[in-house]
Amino acid sequence: MAADIETALLRHIDAHNGCDDSGDFAASLGFDHLAVVGTIKSLQSSEMIASKEIDHFKWCLTEEAAAYVAQGSPEAQVFNSIPAEGLPMAELKAKFPGEVGDVGLKQAMQAKWVATDKSSGELKVVRKAVEDLSAGQRAQVCPGAREVGN
């Protein structure tokens, strides 16, 4: 594989009078970029080519952030799951086990989106009116993201 990369790279350099970006080169031929960088360093140490490093910074969403863009923040997920008549706390905890449920409930309560109601004898979580300001923000972060809860 390294010989294939070296041959392709040298041919590309000869045909194009250089290689502007190793990342683009690797992507265009389906090579692993790190393998291409290793080949470039090897050729450079043999004084067959000269190169200079170009730093590329790329912002990308973590898996957790991508889930929040797709499904809404934990507090929005909790809020959207509660029907108008409320939801028993046990059902809510079963629906959102783990961190999303815990964080979502705490943040939704802190923002006064939801409240607890003990009047019926069992602990229920009830919705309050809320304005979703995050829809525009999600659209800016990830254009084409669908509206959550609609």
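The model is predicted, so local features need pLDDT of at least 70 and side-chain atom pairs count only at pLDDT 80 or more, while totals for chains, interfaces and linings use all residues. Residues are numbered from 1 along each chain as its sequence is written, and side-chain values use heavy atoms, with hydrogens and water left out.

**Domains.** Select 1-46, then 63-136: these are domain 1 and domain 2 in the domain assignment of the protein chain. Such bounds come from an automatic or database domain assignment. The C-alpha centres of the two domains are 51 Å apart.

**The largest pocket.** Next select S22, I40, S51, K52 and E53, which are the closest to the centre of the largest pocket among its 21 lining residues. The volume of this pocket is about 580 Å³. Here a pocket is an open set of points on a 1 Å grid over the protein atoms alone, with protein on both sides within 12 Å along at least five of seven lines; a cavity is a set of points where a 1.4 Å probe fits but cannot get out; lining residues have an atom within 4 Å of a point. Grid points are joined across faces, edges and corners, and a volume is the space filled by probe spheres set on the points.

Colour α1, α2 and α3 (33-45): these elements give two or more residues to the pocket lining. The most come from α3, with five residues. Helices (H or I, at least four residues) and strands (E, at least two) are DSSP runs, numbered from the N terminus. The lining divides into eight nonpolar, seven polar and six charged residues. In these classes Ala, Val, Leu, Ile, Met, Phe, Trp, Tyr, Cys and Pro are nonpolar, Asp, Glu, Lys and Arg are charged, and the others, Gly among them, are polar.

**The sheet.** Show β1, β3 and β2, in that order: the three strands form an open sheet with antiparallel pairing. Its edge strands, β1 (87-88) and β2, each pair on one side only. Two strands pair if DSSP finds at least two bridges between them; β2 and β3 (residues 124-127) have four. β2 and β3 make a hairpin with six residues between them, and in the turn G121 has a positive phi of about 100°.

**Two loop residues.** Most residues other than glycine have a negative phi. Go to N17, in the loop between α1 (2-16) and α2 (22-29), where phi is near 55°. N17 counts as exposed because its relative accessibility is 75%. Buried means under 20% relative accessible area, exposed over 50%, and partly exposed in between (1.4 Å probe, protein chains only). Then go to K112, in the loop between α7 (99-110) and β2 (114-117). Phi of K112 is near 65°, and this residue is exposed at 56%.

**The largest cavity.** Select L92, K93, F96, G101, D102 and L105, the lining of the largest cavity. Elements that give two or more residues to this lining are α6 (89-95) and α7; the most come from α7, with three. The cavity holds about 40 Å³ of space.

**Cysteines.** Finish at C19, partly exposed at 28%, and C60, exposed at 61%. With a disulfide taken as a pair of cysteine sulfur atoms within 2.5 Å, the structure has zero disulfides.
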